[in-house]
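Look at the structure below and trace each chain from its start. Then read on.

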Amino acid sequence: MFVVLIRTLLLYALIIFSIRIMGKRQIGELQPSELVVTIMISNIATLPIEDTNIPLLAGITPIIALVSIEVIISAVTLKSIKARTMVSGTPRVVICNGQVNQNELKKLRFSVDDLMEALRAKDVFDLDKVETAIVETTGKLNVYLKASEQPVTPATMNLQTEEKGPHFIIIHDGSVMKESLNHVQKSDKWLQSILKKEKRELKNVFILTANRCGDYILIPKQQKTSKEK
Amino acid sequence: MRRLYISIGMMAVITAASIGCLLYVHIVCTESEQMLQEIYEDAVNGDFDTAYEKSTQFYSYWIKQESTMILIIRHYHLDEIRTNAAKLPEYLSCQNNAESTATVKTLLTIVETIWQEEQPVFRSIF
């Protein structure tokens, strides 16, 4: 039993390493080749865990090989459009100028029900509202609404807006995120001045978020109750 | 780019290690076959003392190789060889011709199978 446990831990570490090597793309939407590798890795990893007759290397070698091939192929597809088309395919326009492209739907083996379901997932319940719909290589449907159906934005209203940038987490549970501080273009001095202004010590801050304009939100740590103490 | 270099490096290591393993298995199988063939001939010729000595040599040789072979080949083959190699000196010391030659033949077949399974040929791939 202990052998199985050790094998499981080793393969778990290997799979975490593999996923890290494959990068963040792997965790989000999967391309066909990535899907194949993910399914194969999960299957291969279980074999040497279950069957101690199989050498551990017989499980490790294919996993490392698959990950390496995947990274090499993704590097090749980054450089070559032909390779990218071959491995991942191309996005397909299923609705163009408000017209459903039936030939494309047939090629994709996408039924009308599938199309409507994918549109509903995008909060579109009426085909008339769609100007363009594209099935991406990941199988996800992306929709571009007709101009009359587009949500109103400050730009469409010709309103002047200030670009403040998003909020980044600057302090997380008493620890300063230096990278986030760089993102919002602020210094340690600025952070110290905020803490001084709020009369808080660094260790007592649960979350501090800020944007480039210097707007911030500070949430202090909750004091422990006598029971917790 | 770093990921790409790591991947290319890992592929190179895997390829080199696979070739290394193949050569290692080939050497061990060839040496084992030679030793077993000699034991078989001695047993058939009735020279049980020499065959006994060689069988104990084969057993200790196999025990040494097993620690590396366990990383490469399926473990049940190793268990079979270890069991049969342990029996062989006993059969030879009792001058049991039929049992000893049968055991040597079994060992030869297992060693052959190991090498056949490792070879990157049509039969083992498909």
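The model is predicted: local features need pLDDT of at least 70, side-chain atom pairs count only at pLDDT 80 or more, and totals for chains, interfaces and linings use all residues. Residues are numbered from 1 along each chain as its sequence is written, while chains are lettered from A and ligands numbered from 1 in the order in which they are written.

**Sheets of chain A**

Some terms come first. Helices (H or I, at least four residues) and strands (E, at least two) are DSSP runs, numbered from the N terminus. Two strands pair if DSSP finds at least two bridges between them. Strands of a sheet pair through backbone hydrogen bonds, either parallel or antiparallel.

Chain A has an open sheet of four strands in the order β2-β1-β3-β4, and its pairing is antiparallel. Its edges are β2 (99-100) and β4 (141-145) of chain A. Each has a single partner strand, so one side of each lacks a neighbour in the sheet.

Another open sheet of four strands in chain A has the order β6-β5-β7-β8, again with antiparallel pairing. Here β6 (175-176) and β8 (216-220) of chain A are the edge strands, and each pairs on one side only.

| Strand pair (chain A) | Bridges | Facing residues |
|---|---|---|
| β1 (residues 92-96) and β3 (residues 130-135), antiparallel | three | A:I95 and A:A133 |
| β3 and β4, antiparallel | five | A:I134 and A:N142 |
| β5 (residues 168-172) and β6, antiparallel | two | A:I171 and A:V176 |

β3(A) and β4(A) also form a hairpin, with five residues between the strands. In this hairpin, A:G139 takes a positive phi near 95°.

**A helix pair in chain A**

Which helix packs with α4 (residues 56-79) of chain A at about 130°? The partner is α5 (residues 81-88) of chain A, and the axes are 5 Å apart. Axes are lines fitted to C-alpha atoms, for helices over the stretch in contact, and angles run from 0 to 180 degrees between N-to-C directions. α4(A) and α5(A) are therefore oblique to each other. (Under 35 degrees is roughly parallel, over 145 roughly antiparallel, 65 to 115 roughly perpendicular, and the rest oblique.)

Residues are in contact if their C-beta atoms, placed from the backbone, lie within 7 Å. From α4(A), A:I73, A:V76 and A:T77 meet A:A83, A:R84, A:V87 and A:S88 in α5(A). By class, the residues of this contact are four nonpolar, two polar and one charged. Ala, Val, Leu, Ile, Met, Phe, Trp, Tyr, Cys and Pro count as nonpolar, Asp, Glu, Lys and Arg as charged, and the others, Gly among them, as polar.

**Chain B**

Chain B has five helices and zero strands. Of its 126 residues, 26% count as buried (20 or more other C-beta atoms within 10 Å of the residue's own, with C-beta atoms placed from the backbone). Among contacts in chain B with a separation of 6 or more, 62% join residues 24 or more positions apart.

**Where the chains meet**

The contact takes 15 residues from chain B and 14 residues from chain A. On the side of chain B, α1 (2-44), α2 (48-72) and α3 (75-93) each supply at least two residues. The largest share, eight residues, comes from α1(B). This side of chain B has 11 nonpolar, two polar and two charged residues.

Definitions and conventions:
Two residues are in contact if their C-beta atoms, placed from the backbone, lie within 7 Å. A residue is buried if 20 or more other C-beta atoms lie within 10 Å of its own, exposed if 12 or fewer, and partly exposed in between; C-beta atoms are placed from the backbone.
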